[in-house]
Amino acid sequence: MSFQVRSLLQSSWQNIDPENDNGIDGIISLREGKAFLGRLLFVQVKSGPSFLLDYKRKRVSGYIGVKIGKDYIATHRPRWEALPGPVILVYVAEPDKKTSSIFWQNLKSDASYSSTNKNVVLIPRHQTFGSEAKGALRRLTGSKADDAPLKNIDMRKIERLSQISVHDRKSARQFYREWSQSNLRHHPELGDIEVTNAGWRHLTRRSRNPENIQNSFFLLEAARQMIIQGADWRQLGSAKTRERSQTTDVLDALSLRASVTFKSRAPATVQVIIRRTRSICKLTGSGRSRLYFYSVHELRRGNSISY
């Protein structure tokens with residue numbers, strides 16, 4: 001797969017030891033030119049005619065079926081669902097040919113599985129590897145384009161956990177502490193987001209303008225609502241990788257953005273910064289993801305990354 005990923009997707013392939021693949025044969029690191037985008041795809045590979053079910057019926061003539069087995073699907077689907085990123089099935093029609101047709105499908109989607117034949121994964125015939133697939137694979141990672149419409153968060157009827165005075169660090173700290181200890185930190189798509197001292201230290205650092213600190217205090221409730229109401233997220237810049245003895249860690253920053261309507265001031269576009277660490281086991285391909293609240297501020301004058 002390394003050759004196909006490099007030549008067709010201009011990206012990187014990390015192979016997983018077959019003795020420890022646990023339903024994953026490798027990991028694709030999507031790139032744009034030489035830049036690593038921080039977007040990972042976990043991959044299960046099947047190849048050759050023995051796995052192919054070529055549909056002739058008109059109702060499903062636009063698909064191929066890849067026969068990976070009912071028991072195999074039942075065993076591995078929970079493992080695929082647990083991975084911190086998209087998981088795709090890649091089918092290589094003629095593994096001995098570098099020019100072979102290569103098809104792919106999202107293994108986390110219910111629509112990928114046949115309702116009548118529990119042994120197969122259905123793949124649309126047009127869903128092939130190549131430059132045209134790169135955008136679809138990027139979208140599969142969930143990151144939204146900068147020009148996507150923003151979710152609206154209406155704060156006019158929201159009751160705070162505790163009252164915050166923007167001039168009183170003590171009350172803001174109390175709110176922050178209550179938030180960190182509550183269960184109101186779950187993003188519907190990203191999962192649980194930890195609220196730690198690292199975020200508080202960043203918001204209140206000495207080098208920051210006092211006016212910006214006070215504004216962040218005011219926006220803490222908006223940040224909480226953006227997380228629990230599922231504001232769309234984007235990746236900020238490229239990711240960094242950190243090699244450890246047993247894992248490869250991918251570190252990046254995410255931006256939640258929403259249009260927020262306040263009770264006592266004009267609406268504003270608000271950005272929440274989330275730090276993310278994804279640790280991928282080099283032997284098994286299994287992974288875990290941890291996310292941390294880092295900052296909140298209004299977007300002004302097109303400045304989308306200042307925090």
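Residues are numbered from 1 along each chain as its sequence is written, and side-chain values use heavy atoms, with hydrogens and water left out.

Let us begin with confidence. The mean pLDDT (the predictor's confidence in each residue, from 0 to 100) of the protein chain is 86, with 89% of residues at 70 or more. Where pLDDT is low, the predicted coordinates should not be read in detail.

Now for the overall picture. The protein chain has 6 helices and 15 strands; helices (H or I, at least four residues) and strands (E, at least two) are DSSP runs, numbered from the N terminus. Of its 307 residues, 48% count as buried, where buried means under 20% relative accessible area, exposed over 50%, and partly exposed in between, with a 1.4 Å probe and protein chains only. Among contacts between residues at least 6 apart in sequence, 62% join residues at least 24 apart.

H2 bends by about 35° at His-76, and Pro-78 follows within four residues. The bend is the angle between axes fitted to the seven residues ending there and the seven starting there. His-76 is also one of the buried residues of H2, together with Ile-73 and Trp-80. The cover over these buried residues includes strands E3 (35-47), E6 (87-92) and E8 (120-124).

Next come the charged pairs. The structure holds 10 salt bridges, each a side-chain nitrogen of Lys or Arg within 4 Å of a carboxyl oxygen of Asp or Glu. One of them joins Glu-221 and Arg-224, with the closest N and O atoms 2.6 Å apart. Both residues lie in helix H6 (residues 210-228), 3 residues apart, about one turn of the helix, and both are buried.

Glu-298 and Arg-265 meet in another salt bridge, at 2.3 Å from N to O. Glu-298 lies in strand E15 (residues 287-298) and Arg-265 in the loop between strands E13 (247-261) and E14 (268-281), so the pair ties together parts 33 residues apart in sequence. Glu-298 counts as buried at 14% relative accessibility, whereas Arg-265 is partly exposed at 29%.

That brings us back to Asp-249. Salt bridges with shared partners join Arg-242, Arg-244 and Asp-249 into one network. Between Arg-244 and Asp-249, the closest N and O atoms are 2.7 Å apart. Arg-244 is partly exposed, at 43% relative accessibility, while Asp-249 is buried at 3%. As for the strands here, E12 (residues 233-243) and E13 pair in the antiparallel sense over 8 bridges, and pairing requires that DSSP finds at least two bridges. Together E12 and E13 form a hairpin with 3 residues between them.

How values were computed. Predicted model: local features only at pLDDT ≥ 70, side-chain atom pairs only at ≥ 80, totals over all residues. Contact = heavy atoms within 4.5 Å.
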